[in-house]
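Let's take a walk through this fold, from the overall picture down to single residues. Have a look at the model first, then read on.

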Amino acid sequence: MTSTHFDKAATDWDTKQPRVQLAAKISAAIARLPLSATMDAMEYGCGTGLVGLSLAPTLGHLTAIDTSQGMLDVLQEKIVEQGIANVSPLRCDLLIDDYSKRHDLIFCAMALHHVQEFEPLLQRFAGLLNQGGYLALADLAQEDGSFHDPSAEGVHHHGFDSEQLAAILSAAGLIKIKSEIIHTLIKGEGDGTQYPVFLLSAQKA
Ligand SMILES: C[S@@+](CC[C@H](N)C(=O)[O-])C[C@H]1O[C@@H](n2cnc3c(N)ncnc32)[C@H](O)[C@@H]1O
């Protein structure tokens, strides 16, 4: 499991304000789901925990999964510094490694476009949800490929058509599928191109 690009980016990940602002918008949108202190949650592609750590106080437990050890190391430092007791970082690739714990909430913020085979991953999320559990996916709406620097590694999708994602989730047994635009990123050094970010939520029947 290699993740060189994200390992290198981890130490100053939290210093980029647009990224922090986006994470706050995503957290606020996920917090509109009926979260509770009894929920056993998983975040996939958690990075340094910008989204997960803000939601953790409203959850019972959060398993924070990523493939980058560098990202997980930064998250672990924050957990220790802040004395957080209910977040467990885990290095895991759900499409390769054994993982069978079931959850009441699974969320994934800005990580899906880094996963080549996203359809089996969405099916895996659906399979790992408890009955009545929630899935929340935040990612870029379809864009023209200009969002990432051309030299960026591990970018497999130029955003997503949320109707296509909804069809996959529906076939995987999820219901009450809703999508909304929750934020729009504008690249400061670019030509002002707008990149809408959606939150797609669904529930396991
Ligand atoms: C753009 S970052 C988002 C991090 C965090 N969710 C946030 O909003 O700040 C994408 C994250 O997905 C992780 N990632 C990339 N491919 C992955 C995979 N196949 N499985 C799990 N995590 C992955 C990266 O290591 C990185 O931490």
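This is a predicted model: local features need pLDDT of at least 70, side-chain atom pairs count only at pLDDT 80 or more; totals for chains, interfaces and linings use all residues.

Residues are numbered from 1 along each chain as its sequence is written.

How does the overall shape work out? The C-alpha trace spans about 45 × 40 × 30 Å along its principal axes. The radius of gyration is 16 Å, which agrees with the value near 17 Å that a compact globule of 205 residues would have; this radius is taken over C-alpha atoms, and the globule rule is 2.2 Å times the number of residues to the power 0.38. Contacts here are pairs whose C-beta atoms, placed from the backbone, lie within 7 Å. Among those between residues at least 6 apart in sequence, 69% join residues at least 24 apart.

Now for the elements. The protein has six helices and seven strands, counted as DSSP runs numbered from the N terminus, with helices (H or I) of at least four residues and strands (E) of at least two. Read from the N terminus, the order is α-α-β-α-β-α-β-β-α-β-α-β-β.

E1 runs parallel to strand E2 (residues 61-66), joined by five bridges; strands pair if DSSP finds at least two bridges between them. Here glutamate 43 has alanine 64 in E2 as its bridge partner. E1 also runs parallel to strand E4 (residues 103-109), this time through three bridges, and alanine 41 stands opposite leucine 105 in E4.

Next, the ligand. Around it are 20 residues, with Phe6, Gly45, Gly47, Ser68 and Ala111 coming nearest; a residue is near if its C-beta atom, placed from the backbone, lies within 6 Å. The shell has 11 nonpolar, six polar and three charged residues, taking Ala, Val, Leu, Ile, Met, Phe, Trp, Tyr, Cys and Pro as nonpolar, Asp, Glu, Lys and Arg as charged, and the others, Gly among them, as polar.

Last stop: glutamate 77, in helix H4 (residues 69-82). Glutamate 77 counts as exposed because it has 11 C-beta neighbours inside 10 Å.

Methods. Two residues are in contact if their C-beta atoms, placed from the backbone, lie within 7 Å. A residue is buried if 20 or more other C-beta atoms lie within 10 Å of its own, exposed if 12 or fewer, and partly exposed in between; C-beta atoms are placed from the backbone.
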